[in-house]
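Colleague: I would like to go through the terms used for this model and see what each one rests on.

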Amino acid sequence: MTAASDTSPERLALLLRLLDDESPPVRASVEAALSAYDGDVSELLVGLHAELGEPELELLSLMLLPARRERLRREWIVPAGGAGAVQDDWDQLEALLRSLSDYLHDGVTMRQPLGDALDLLSEELEDIAAQEGAAGLNKALFESNRFKANFREEDDPDNYDLAHTLAGNPSNAFGLGLVFLFVARRLDIDVEGINLPQSFLCRFHDEGQVVLTEPAMKGRAITSEELAHRIRRYPREIRALAARPATPGELLVRVVEELATSWSVRGETEDAELMEELLATLVKAPF
């Protein structure tokens with residue numbers, strides 16, 4: 001059988017008919033065959049008009065997960081200097097977050113890839129950005145309640161799947177802040193991220209004034225006095241983070257660290273260990 005036929009819709013249709021077979025050898029063979037699809041069959045399912053119930057979709061997603069793990073390992077290409085080498089490379093940050101997003105996706109439901117979703121949102125907000133700058137973007141993204149905070153499960157791994165967030169799902173403070181940064185960069189609007197523990201702020205200029213906003217709180221503005229009060233008990237090195245914008249390398253490390261912690265707390269050992277594996281590629285050099 002050729003490699004092309006191994007990933008054909010016809011082959012997938014056959015595998016789908018075997019999904020509910022409880023024989024361990026058959027289950028193992030189906031999972032091995034599904035590995036050829038690289039962890040995602042969402043487009044093929046649409047073409048097949050497959051009518052799978054929720055239990056079948058969950059099982060299929062679970063069986064595709066090992067292939068998504070291997071795909072992430074292949075795509076995780078970090079410069080020799082680790083996170084330090086990603087210091088100012090926003091394109092590399094987005095590419096690695098896209099790989100993480102594809103891994104976090106279930107592999108069975110259709111959605112836009114991260115880059116496409118960011119492009120479409122940026123195009124939609126282009127006029128607002130041209131007329132009102134960063135303040136207009138803040139209003140359109142957060143004050144409007146278009147993107148909401150996930151306060152109930154702030155450590156949910158889905159919060160770090162930016163494509164999931166752009167599809168209209170809630171995220172935590174960090175995920176919402178990343179959306180703001182990437183949209184602003186596409187529109188040539190200067191917005192900085194302030195990377196604080198259990199929080200994330202965005203800073204920009206509006207009518208000559210420095211503005212600090214909190215995406216997770218509907219983009220509300222906070223004063224410098226309020227920020228100083230909030231961080232007054234932090235160690236000196238943490239307080240220093242509030243004085244400068246976070247680099248792409250720092251943002252990448254935070255994503256992977258928080259995913260590792262989230263999965264560890266949930267007892268998802270294999271996922272947590274994979275994040276530790278990725279983290280090891282980022283801490284080769286100080287930054």
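Predicted model: local features only at pLDDT ≥ 70, side-chain atom pairs only at ≥ 80, totals over all residues.

Colleague: What makes H13 roughly antiparallel to H14?

Modeller: Helix H13 (residues 248–265) and helix H14 (residues 269–280) pack at an angle of about 155°. Angles over 145 degrees count as roughly antiparallel, so H13 is roughly antiparallel to H14. Their axes are 8 Å apart, and the crossing is left-handed.

Colleague: Which residues make the contact between H13 and H14?

Modeller: H13 contributes Val-253, Val-256, Glu-257, Leu-259, Ala-260, Trp-263 and Ser-264. From H14 come Asp-271, Ala-272, Met-275, Glu-276, Leu-278 and Leu-279.

Colleague: What is Met-275 in contact with, leaving aside its neighbours within four places in sequence?

Modeller: The partners are Leu-72, Leu-100, Tyr-103, Val-256, Leu-259, Ala-260 and Trp-263. Contact here requires heavy atoms within 4.5 Å.

Colleague: Why is the set that includes Met-275 called a nonpolar core?

Modeller: The term applies because the members are buried residues of the listed nonpolar kinds, joined through side-chain atoms within 4.5 Å. This largest core has 61 residues, and Trp-76, Leu-97, Leu-100 and Met-275 touch the most other members. Helix H10 (residues 173–186) gives the most to this core, with 10 residues. Apart from it lies another core of 14 residues, among them Leu-12, Leu-15, Tyr-37 and Leu-45.

Colleague: Where does UniProt place "domain: Protein SirB1 N-terminal"?

Modeller: The unreviewed entry lists residues 119–256. Over that range the chain is 46% helix and 16% strand, with the end C-alpha atoms 24 Å apart.

Definitions and conventions:
Residues numbered from 1 in each chain as written. Heavy atoms only, no water. Buried < 20%, exposed > 50% of the residue type's maximum accessible area, 1.4 Å probe, protein only. Helix = DSSP H or I, 4+ residues; strand = E, 2+ residues; numbered from the N terminus. UniProt positions renumbered as here; feature names shortened; annotations may be inferred. Axes fitted to C-alpha atoms, helices over the stretch in contact; angles between N-to-C directions. Parallel < 35°, antiparallel > 145°, perpendicular 65-115°, else oblique. Left-handed = near helix turned anticlockwise from the far one by under 90°.
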